[in-house]
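Welcome! Please take a first look at the model below, and then read on for a short tour.

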Amino acid sequence: MMTLLIKLFTNFFYIGMLSFGGGMSAIPLVEQVIVNGNHWLTYDEFASLITIAEMTPGPIAVNSASFVGVRLAGPIGTIVATIGVVTPSIIIVGCLAYFLFKNKDIKIVKNILALLRPFIICLILSAGLKILGLALFKENVDLVNGIVFIVSFILLRYAKMSPIKVMLIVGITSGIITTFI
């Protein structure tokens with residue numbers, strides 16, 4: 001059992017170390033390690049894993065670690081595999097945070113961070129516009145989603161309402177509208 005737990009940790013540490021670019025880019029690496037390398041899952045089971053990992057909240061690599069860990073070694077396997085996959089990120093982010101905190105007053109570090117801000121905003125805006133486009137223009141203009149967007153924006157931006165409250169209002173309103181219309 002201990003050998004399996006060590007193998008789970010090291011393999012998911014490897015996945016966590018090399019999973020750059022988000023969840024979708026991690027799928028081939030997860031497949032290589034889980035299906036081809038260790039034969040922990042068949043291709044059919046791997047397809048189910050990806051389906052479950054996509055449906056549940058959280059990163060694909062973490063969800064994969066949980067799924068494989070519990071399947072192979074029960075709850076302790078889930079803990080070990082999940083710790084393995086998140087440890088590289090913790091180390092990298094910790095080192096970067098330490099470096100940035102220690103060097104925050106150096107001009108080049110300030111300039112790099114200043115240049116990164118618009119890029120990060122661009123990434124967030126790009127994702128938001130893509131989701132907005134999917135919500136409002138599926139096949140034709142969806143008037144209800146457009147109204148929900150405008151009202152939500154006003155409540156968040158100008159009424160300074162909590163995002164949780166806005167989500168509850170939208171969810172309840174949507175339930176009422178779909179029930180009676």
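A nonpolar core is a set of buried Ala, Val, Leu, Ile, Met, Phe, Trp, Tyr and Cys residues joined through side-chain atoms within 4.5 Å. Buried means under 20% relative accessible area, exposed over 50%, and partly exposed in between (1.4 Å probe, protein chains only). This is a predicted model, in which local features need pLDDT of at least 70 and side-chain atom pairs count only at pLDDT 80 or more, while totals for chains, interfaces and linings use all residues. Residues are numbered from 1 along each chain as its sequence is written, and side-chain values use heavy atoms, with hydrogens and water left out.

**The core**

The largest nonpolar core has 24 residues, and those with the most contacts inside it are Leu8, Phe12, Ile15, Ile34, Phe46 and Val68. Helices (H or I, at least four residues) are DSSP runs, numbered from the N terminus.

In soluble globular proteins, nonpolar side chains tend to be buried together.

Ser64 has its place in helix H4 and counts as buried because its relative accessibility is 0%. Leaving aside neighbours within four places in sequence, Ser64 is in contact (heavy atoms within 4.5 Å) with Phe12, Val30, Leu49 and Ala53. With those neighbours again set aside, the contacts of Phe12 include Ile34, Trp40, Ser64 and Val68.

**Helix H1**

Which residues of H1 are buried? They are Leu5, Leu8, Asn11, Phe12, Ile15 and Gly16. These residues cover an arc of only 140 degrees around the axis, so they sit on the same side of H1; the arc is that of the directions from the helix axis to the C-beta atoms. On the other side of H1, Met2 and Thr3 are exposed.

**Further along the chain**

Ile112 lies in helix H5 (residues 107–136) and is partly exposed, with a relative accessible area of 46%. The C-alpha atoms of Ile112 and Gly58 are separated by 29 Å, with the two residues 54 residues apart along the chain.

Terms used: Helix = DSSP H or I, 4+ residues; strand = E, 2+ residues; numbered from the N terminus.
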